[in-house]
Amino acid sequence: MTLGEKLSRLRTLEGYARGLDREMTQVEVSKTLREELGGGISQAYLSQIERGKRRHLTSDTRALLARFFRVHPGHLVDDLEDVAPLPPRQRHDIDDELDLWLVDGSEKFGHDRELSRALVAIARHENSRDCLRLLASIVDNHRLIDHLLESFTLSESRPKRRRHRS
């Protein structure tokens, strides 16, 4: 996967994580970077990266984008092609692949907002693999899942109360 493809996917993930129900535009990323992190990356620069016209980032730009998207700076490079197989992948590499798979799923099932948001929420979690393993263990326990679903349904049907500060 190229750096440009990674940035495009990260914009998608970030847009859903921020409740936009769509990818963030390059303009929105540029503006939010300025407002939240005080960094200056223009929309044109982001476009050049995503189109492959600019293949390398300065260390400052890489660090800023990594902070914004909450990824390791080493993620923001082109993946190697035509390279001899590497030893078994480290867990964080598998987590990155899993997160991208979850984001793809959220896009595929975008018509189901709750499912799409759930997939993005898992992808955004620091330990998404463990979240899915936990979900699998919950599903294996039918009484527990019935109880959790019943509690979840009841809490959704209750009106939310506002807390008043004294």
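Helix 2 (residues 26-37) packs against helix 4 (residues 59-69) in this predicted model. The two axes lie 11 Å apart and cross at an angle of about 90°. Angles of 65 to 115 degrees count as roughly perpendicular. Helix 2 and helix 4 are therefore roughly perpendicular to each other. On the side of helix 2, the contact is made by Val29, Thr32, Leu33, Glu36 and Leu37. Helix 4 contributes Leu64, Leu65, Arg67, Phe68 and Phe69. By residue class, this contact of helix 2 with helix 4 divides into 7 nonpolar, 1 polar and 2 charged residues.

Burial in helix 4 involves Thr61, Arg62, Leu64, Leu65, Ala66, Phe68 and Phe69. Arginine 70 follows helix 4. The phi of arginine 70 is positive, near 55°.

Helix 1 spans residues 3-17 and has 15 residues. From the first C-alpha to the last, helix 1 reaches 21 Å. This is close to the 21 Å expected at 1.5 Å a residue. The buried positions are Leu3, Gly4, Lys6, Leu7, Leu10, Arg11, Thr12, Leu13, Glu14, Gly15 and Tyr16. Charged residues are among them, including Lys6, Arg11 and Glu14. Leucines are also present, at Leu3, Leu7, Leu10 and Leu13. Glycine 19 follows helix 1. Its phi is positive, near 80°.

At the level of the whole protein, the model holds 8 helices and 0 strands. The order of elements from the N terminus is α-α-α-α-α-α-α-α. Buried residues account for 30% of the 166 residues. Among contacts with a separation of 6 or more, 50% join residues 24 or more positions apart. The accessible surface comes to about 12100 Å². Carbon and sulfur atoms hold 52% of this surface.

Terms used. Residues are numbered from 1 along each chain as its sequence is written. This is a predicted model: local features need pLDDT of at least 70, side-chain atom pairs count only at pLDDT 80 or more; totals for chains, interfaces and linings use all residues. Side-chain values use heavy atoms; hydrogens and water are left out. Helices (H or I, at least four residues) and strands (E, at least two) are DSSP runs, numbered from the N terminus. Buried means under 20% relative accessible area, exposed over 50%, partly exposed in between (1.4 Å probe, protein chains only). Contact means heavy atoms within 4.5 Å. Accessible areas come from the Shrake-Rupley method with a 1.4 Å probe; for residues, only the protein chains shown count as cover. The expected span of a helix is 1.5 Å times one less than its number of residues. Axes are lines fitted to C-alpha atoms, for helices over the stretch in contact, and angles run from 0 to 180 degrees between N-to-C directions. Angles under 35 degrees count as roughly parallel, over 145 as roughly antiparallel, 65 to 115 as roughly perpendicular and the rest as oblique.
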